[in-house]
Structure formats: C-alpha cells, structure tokens
Amino acid sequence: SDMWIFHWNDWWLRKCLLEGRDPFYTTEMFHPDGVSLVYHNFAWLNTLVWLPLSPLVGHIAAYNIIFILNLALGGASAYILAHYVVKDRYAAFIAGLVFCFWPFRLQHFNRPNLISIGWIPLFLLFLIRTVREYRKLRDGLLAGLFLGLTGLSRWLLLAMAGVLGGAYVVYSLICERRRWSWRAFGAVVLTVLTALLIVAPFATPMIVAQIQGVGEAEGSIADRAEKGTDLVGYFVPERGHPVFERWLAELWKRMSQESYIGYAALLLAIYGVFRARRRAVFWGLIAGGLFVFSLGGVLRVGGQVYRAPMPYSLIQPSLFASV
C-alpha cells in the first residue's frame, strides 16, 4: 500500500539533496517527460529524521524507528497537555496511553504522515499557555514551532490543528476575557507568523500552483465529506480484529471508515466531561464538534446511507444533493 511511497519519498529527497535536484519534479516516473511532485504526499519531517538515521541503522530500520518515535511522541505530548489541564498525573497517563495506542493510529503503520499527530497536543499546550501564563512571547514562539512541525508532517494535519487552535482562541475570547491583553494578542500573532515561516519553503510551490489553477491537491478537506466515518464505527472494533472477525467481517465490508477508540476510553472521556463540568467545557465542545464533522456530509449507519444533511455538507453542498 502507501508504505512503499514513503520509502520512495525518503530515497528521492536524499537524491535531490546529494545531486542538487528540484524535489518538486521528477523524471524517475513517467519517463522521459516526468511529472510534477508539487502535490505529492511528502512527510517532510519524517524524512528529515530518516536522513541521518538511515546510514547508521539501514533504510528499513530507520523507517521503523520513526514509526516508534511518532507513537512515543504522541503519548508523551498528550500526557504533558493533559497534566497541564487536569493537574493529575494518573489521568494524564491514561490520556497519553489512549492517544498513543488508539486502534485507528496503529492501523496506519503504512502511512507515517497520518500518524504523526504528536505535535498537535504540544501546539495546543503552548497556545493555551500563551493566553494564560506570564511568558507569553516564549510560549507563543513554541506554539508556532509545534504548529509548523505539524504542517511539515502533513498539510491536512496543519489544517486540523489550525481549526483546533482557532476554536480555542474563540472560546478563550468569550470565556477567558480577563486573561487577554495586547501582549497575549501579540504572542498569538507571533505563533501564526512562526508557523508560516517554518512551512513557507515547502508549501509555497503548492500555493502557487493552487493560485494558478494547476493540478489538484491530495486529500482536500472537501473530499473528507465523501469519506465520512460510519456512526457504527465508533462502537465496533477496527476491521481485521482477530477476535471479532468472524462476526464483523460483513459489517466491515459495508462500512466506509471506522473510528473505534474502545468503550473504556469513550466512557472515561464522557465521565471526565461531566465530572469536571465548567473546566471541561472547551474540550467537550471540541470532542462533540469533531465527532459530528467526522461523520462526513451524509449520515452512514452500518453501511446504510441516509438522506440526512450533516454539517460537513456545508463544505461540499453538492455531495448531499447527489445522494
């Protein structure tokens, strides 16, 4: 599957560095004319780590180490964010455990850019600190750094992190007005500028192509409306589970995508929202909003498509009209 694409990416970018080639165009495919790689799915940050590792341990081992590092980073960053929010190391450990090993993430071992989500909790942590703590410029700079690293992991992750960050800013302006000052505004602007500075060299060719109307970006946000998560997918194990395969094989065939996190994790999250109440308002709203939007543009239940408009259809209205 996609695993070999990312091995090729690593090889190609190293070749470009050594030979001074343009990484956004190759004649190694569709030879001799070649093809543009402006919209190609590079995992820039993973390759940056792979380059010094591969001569030491080998190409495949370096790829596997990066996968393990991504898992570890996700667990550690979720722990740090949760500990800052709830001030309880046991609850934070559980949060890190769930974030690190949730089934959907482990299922995508062949897509290292898709599982590289460990920078997002760190971005949220320092964005929150930018508003709430004293060292606003330092925290704003770090928030921008981690937002930029999210973008270098995958552009769609950058869009998702931006939505989360924007949601927090709106929530904070409404519910935490006393925490805001001109220093806080300036620090948030610094966050945005820092992230833009980090991603600009890699994103500029794609942005120029979009402005010129050349080609089409991989996996646009509008495309997600057609590939929404099946509602039942939140309550049945991921496809291929060795224990439940004999009972769920037919259901898996009918469903488009799943997002199972386990009943224990789901119940703990619901319990935490009701237990913390006001302190959990933002996180509860975020969870609810992401849940609704993950269902896509039309409602799917057990593989059956229902003509019920979903909020995601606002992004691609024609999708609902065609169902």
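A salt bridge here is a side-chain nitrogen of Lys or Arg within 4 Å of a carboxyl oxygen of Asp or Glu. In this predicted model, Arg129 and Asp139 make such a pair, with 3.5 Å between the closest N and O atoms. The two partners sit 10 residues apart and tie together distant parts of the chain, with Arg129 in helix 6 (residues 119-132) and Asp139 in helix 7 (residues 136-153). Across the whole structure, the search turns up seven salt bridges.

Now to the helix packing. Two packed helices are described by the angle between their axes and the distance between the axes. For helix 1 and helix 2, the angle comes out at about 70 degrees and the axes lie 10 Å apart. Angles of 65 to 115 degrees count as roughly perpendicular, and helix 1 and helix 2 are therefore roughly perpendicular to each other. On the helix 1 side, the contact is made by Asp10, Trp11, Leu13, Arg14 and Leu17; facing them from helix 2 are Trp44, Thr47, Trp50, Leu51 and Ser54. Sorted by class, this contact holds six nonpolar, two polar and two charged residues.

At least two lining residues come from each of helix 1 (3-19), helix 2 (44-57) and helix 3 (59-86), and helix 1 gives the largest share, with three.

Last, a look at the backbone. Most residues other than glycine have a negative phi, and most peptide bonds are trans. The loop between strand 1 (25-26) and strand 2 (35-36), where Pro32 is placed, also holds Phe30. Phe30 isn't a glycine, yet its phi is positive, at about 50 degrees.

Note on methods:
Residues numbered from 1 in each chain as written. Predicted model: local features only at pLDDT ≥ 70, side-chain atom pairs only at ≥ 80, totals over all residues. Heavy atoms only, no water. Helix = DSSP H or I, 4+ residues; strand = E, 2+ residues; numbered from the N terminus. Axes fitted to C-alpha atoms, helices over the stretch in contact; angles between N-to-C directions. Parallel < 35°, antiparallel > 145°, perpendicular 65-115°, else oblique. Contact = heavy atoms within 4.5 Å. Nonpolar A, V, L, I, M, F, W, Y, C, P; charged D, E, K, R; others polar.
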